[in-house]
Amino acid sequence: MPRKTPQTMTDDALDLPGGFARIRPCRHGRMMYNPNDAYVGRSLDVYGEYSEAEASFLRFLVRPGDIVVEAGANIGSLTVVLAKAVGPDGWVVAYEPQRIPFQMLCSNALLGGFANIEARPTAAGAAPGSIAVPQLDPTRPNNFGGLSLQGNEGAQGLTVAVETIDSLALPRCRLIKADVEGMEADVLDGARATIARHRPMLYLENDRRDRAPLLIRHVRALGYRLWWHTPVYFNPGNFRGATENIFPGEGAFNMFCAPQELAITISVPEILSDDSWPTP
């Protein structure tokens, strides 16, 4: 089969050889993504943005000069938002253990001109070690951001290092964001010293209802208050002006968590019990 050559599309987009990488202008700059990806890639392709309500909330949380840690950065669709918000005097440490999404994360940092993104091809966890990361075929449709590494001990895949956030020895930390498909508690366990020293805000995916109480208890034990934040994926004012909602009824199930000692008022539902679950 002849090798594909780069092909310019009508809106100044570029398909790269291989059939799994496309670059297009997006709301937060030119982005490289996999058009075969069911959520992040498809959203960037159709809307020119991904979970913009989530992006807006993250911008609200951080300030110029802040240090942010993002576990499970995927291709960096929200990493670049955080990097722009913290500015050249800030820093974003972005963990992504999947090989091709990590390479796209690095590409998106460069495409956006961000020198304040430290991309790490590792997993953030409770203790140093290694884990097997399955190698998904990038040319076939899949939810690449939904790959779980939970219970992968002894599984086949690319061996990737596991690091702790504490090993970064950060001088300050404003926010820890974790979207790691059920391993959020492990990320926090590996950040206990950082959390105790800097008391960062936390923004955590918690989309498994049967396991949600465990993570809620885990965070409350660290001395935090919690709120549900459930942004929908479709933004009627999206970058490309697309009117069709290709994600009807779909969105993120996240928790915003702030230290108990921080006086804060926020207009989303507070989590007051371990068995809390957001209403539609």
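Begin by selecting C106, which counts as partly exposed because its relative accessibility is 26%. Bear in mind from here on that what you are looking at is a predicted model.

With both cysteines on the screen, how many disulfides does a search of the whole structure find? The search finds 0 disulfides. For C26, the nearest cysteine sulfur is that of C106, and it lies 18 Å away. Taken from the other end, C106 is likewise in no disulfide, and the nearest sulfur of a cysteine is that of C26, at 18 Å. A disulfide is a covalent bond between the sulfur atoms of two cysteines.

Now move to the strands, and select β8 (residues 123–124), β9 (residues 129–133) and β10 (residues 158–163). They form an open sheet of 3 strands, in the order β8-β10-β9 and with mixed pairing. Because β8 and β9 stand at the edges and each has a single partner strand, one side of each is left without a neighbour in the sheet. Strands of a sheet pair through backbone hydrogen bonds, either parallel or antiparallel.

Look at the two pairings in turn. Strand β8 runs parallel to β10, and 2 bridges join them. To see the residues concerned, select A123, whose bridge partner in β10 is V162, and then A124, which stands opposite E163 in β10. On the other pairing, β9 and β10 are antiparallel and share 5 bridges; select A132 there, and you will find T159 of β10 opposite.

From the sheet, follow the chain into the loop between β10 and β11 (175–178), where A169 has its place. Phi of A169 is near 50°, a positive value in a residue other than glycine. Most residues other than glycine have a negative phi, and most peptide bonds are trans. Because its relative accessibility is 57%, A169 counts as exposed.

A further stop is E181, in the loop between β11 and α5 (184–189). Although E181 is not a glycine, its phi is positive too, at about 50°. Is E181 buried or exposed? With a relative accessibility of 8%, E181 counts as buried, whereas A169 counts as exposed.

For the last stop, turn to the second largest pocket, which has a volume of about 200 Å³. Select Q98, I100, P101, P138 and F144, which are the closest to its centre among the 16 residues that line it. Which of the elements gives the most to the lining? That is α4, with 4 residues. Finally, colour the lining of the second largest pocket by class, and you will have 9 nonpolar, 5 polar and 2 charged residues.

Terms used. Residues are numbered from 1 along each chain as its sequence is written. This is a predicted model: local features need pLDDT of at least 70, side-chain atom pairs count only at pLDDT 80 or more; totals for chains, interfaces and linings use all residues. Side-chain values use heavy atoms; hydrogens and water are left out. Two strands pair if DSSP finds at least two bridges between them. On a 1 Å grid over the protein atoms alone, a cavity is a set of points where a 1.4 Å probe fits but cannot get out, and a pocket is an open set with protein on both sides within 12 Å along at least five of seven lines; lining residues have an atom within 4 Å of a point. Grid points are joined across faces, edges and corners, and a volume is the space filled by probe spheres set on the points. Ala, Val, Leu, Ile, Met, Phe, Trp, Tyr, Cys and Pro count as nonpolar, Asp, Glu, Lys and Arg as charged, and the others, Gly among them, as polar. A disulfide is a pair of cysteine sulfur atoms within 2.5 Å. Buried means under 20% relative accessible area, exposed over 50%, partly exposed in between (1.4 Å probe, protein chains only).
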